[in-house]
Structure formats: C-alpha cells, structure tokens
Amino acid sequence: MSKSRFRKAALAFPGVIEGAHHGHADFRIGKRVFATLGYPDDTWGMVKLTPDQQTMLVDAEPELFRPVPGAWGKNGSTNVKLAKIDPVTLRSALEMAWRNVAPKSLLASIETRSRS
C-alpha cells in the first residue's frame, strides 16, 4: 500500500478533508482527526480507534497493526504498516476510525442513504 493509496482511501469517506497534524498529513472531519500518514515514519499510517477496536485488530493482524507508543496508543491510536496492508483491511480500519469521529448527523445521513 502506498501513501497515495492510503490518502485516496481516507479521502473517500464523506466529509473528510486533508490537513496537517504535528508535521504529518492528516485526515479529519472538521477538527477531529481520524487518520494520519507518516508516523512514526513514512512506512506507517495511523488510525484513531477505540481501545477495544485496537485490541481486535492488533490481535487478529499483528503484522499489520500495532498500538502507537505511549499514551496515544493506550487510547486507541493504532499504527498501520503500509507495505503489508491490503486495500480491504485498510478500508475497514479507516471506516472504524472515521465512524469514531464522524458527527451523528453525518452518520445518520449515510444510514438513510444506504437504506434507500
């Protein structure tokens, strides 16, 4: 997975804009970041999960996911190994992270559209 594919996958979700966070490209809804690129280096991305989601992914795919070191990792921030992750697994992780920060109104509008 290249950085450009990670970027394209993150930007595909409704309401997402690209910004910068601590010198790294980030993906957010409003001011709420759900993913970043290049942390701790260019071979990694990050998704903002809940601690339970993080445990599930790290346990299932330890070669793809790891907790971010320190307090952020304890709160669910999870590194993604770009060279190893496939598009389907990345999309799933990004969707979890996106849903974690998306406003309820945006989630409701998507649920309504998917039922139509």
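**Sheet, helices and side chains**

Tutor: In this predicted model, K48 stands opposite S77 in β6.

Student: How do β4 and β6 pair, and over how many bridges?

Tutor: The pairing of β4 with strand β6 (residues 77–81) is antiparallel and runs over five bridges.

Student: Which helix packs on the sheet, and which strands does that helix touch?

Tutor: Helix α4 packs there, with contacts to β1, β2, β3, β4, β5 and β6. The direction of α4 makes about 155 degrees with that of β3.

Student: And which strands does α1 lie across?

Tutor: α1 lies across β1, β2, β3 (32–37) and β4. Relative to β3, α1 runs at about 160 degrees.

Student: What is the strand order in the sheet?

Tutor: The order is β1-β2-β3-β4-β6-β5, six strands in an open sheet with antiparallel pairing. At the edges are β1 and β5 (65–67), each of which pairs on one side only. From one strand to the next, the twist averages 30 degrees.

Student: Let us change topic. How many aromatic pairs does a search of the whole structure find?

Tutor: Three aromatic pairs are found. One of them is formed by F6 and F27, with 6.1 Å centre to centre and 55 degrees between the planes, a tilted arrangement. F6 belongs to helix α1 (residues 3–11) and F27 to strand β2 (residues 24–29), so this pair links distant parts of the chain, 21 residues apart.

Student: Are F6 and F27 buried or exposed?

Tutor: Both F6 and F27 are buried.

Student: What about F13 and W98: how are their rings arranged?

Tutor: The rings of F13 and W98 are stacked, at 5.6 Å centre to centre and with 25 degrees between the planes.

Student: Why does that pair tie together separate parts of the sequence?

Tutor: F13 lies in the loop between α1 and β1 (16–21), whereas W98 lies in helix α4 (residues 87–101), so the pair joins parts that are 85 residues apart in sequence. F13 and W98 are both buried. Ring pairs also bring F34 into a cluster with F13 and W98.

Student: What sits over the ring of W44?

Tutor: The charged end of R66 does, 3.8 Å from the centre of the W44 ring.

Student: Back to the helices. Which residues of α2 are buried?

Tutor: They are Q53, Q54, L57 and V58. These residues lie on the same side of α2, because they cover an arc of only 125 degrees around the axis.

Student: What covers them?

Tutor: The cover over the buried residues of α2 includes β5, α3 (71–74), β6 and α4.

Student: And which exposed residues are on the face turned away from the buried side of α2?

Tutor: That face of α2 carries D52, D59 and A60.

Student: One last residue. Where is T50?

Tutor: T50 is in the loop between β4 (44–48) and α2 (51–60).

Student: Why is T50 classed as partly exposed?

Tutor: T50 has a relative accessible area of 31%, and the class applies because that value falls between the 20% limit for buried and the 50% limit for exposed.

Student: Which residues does T50 touch, leaving aside those up to four places away in sequence?

Tutor: T50 touches G76 and N100. As for A10, which is 40 residues from T50 along the chain, the C-alpha atoms of the two are separated by 18 Å.

Conventions: Residues are numbered from 1 along each chain as its sequence is written. This is a predicted model: local features need pLDDT of at least 70, side-chain atom pairs count only at pLDDT 80 or more; totals for chains, interfaces and linings use all residues. Side-chain values use heavy atoms; hydrogens and water are left out. Rings of Phe, Tyr and Trp (its six-membered ring) pair if their centres lie within 6.5 Å; planes under 30 degrees apart count as stacked, over 60 as edge-to-face and the rest as tilted. Helices (H or I, at least four residues) and strands (E, at least two) are DSSP runs, numbered from the N terminus. Buried means under 20% relative accessible area, exposed over 50%, partly exposed in between (1.4 Å probe, protein chains only). A charge sits over a ring if NZ of Lys or CZ of Arg is within 6 Å of the ring centre and within 35 degrees of the ring normal. Contact means heavy atoms within 4.5 Å. Two strands pair if DSSP finds at least two bridges between them. Axes are lines fitted to C-alpha atoms, for helices over the stretch in contact, and angles run from 0 to 180 degrees between N-to-C directions. The arc is that of the directions from the helix axis to the C-beta atoms.
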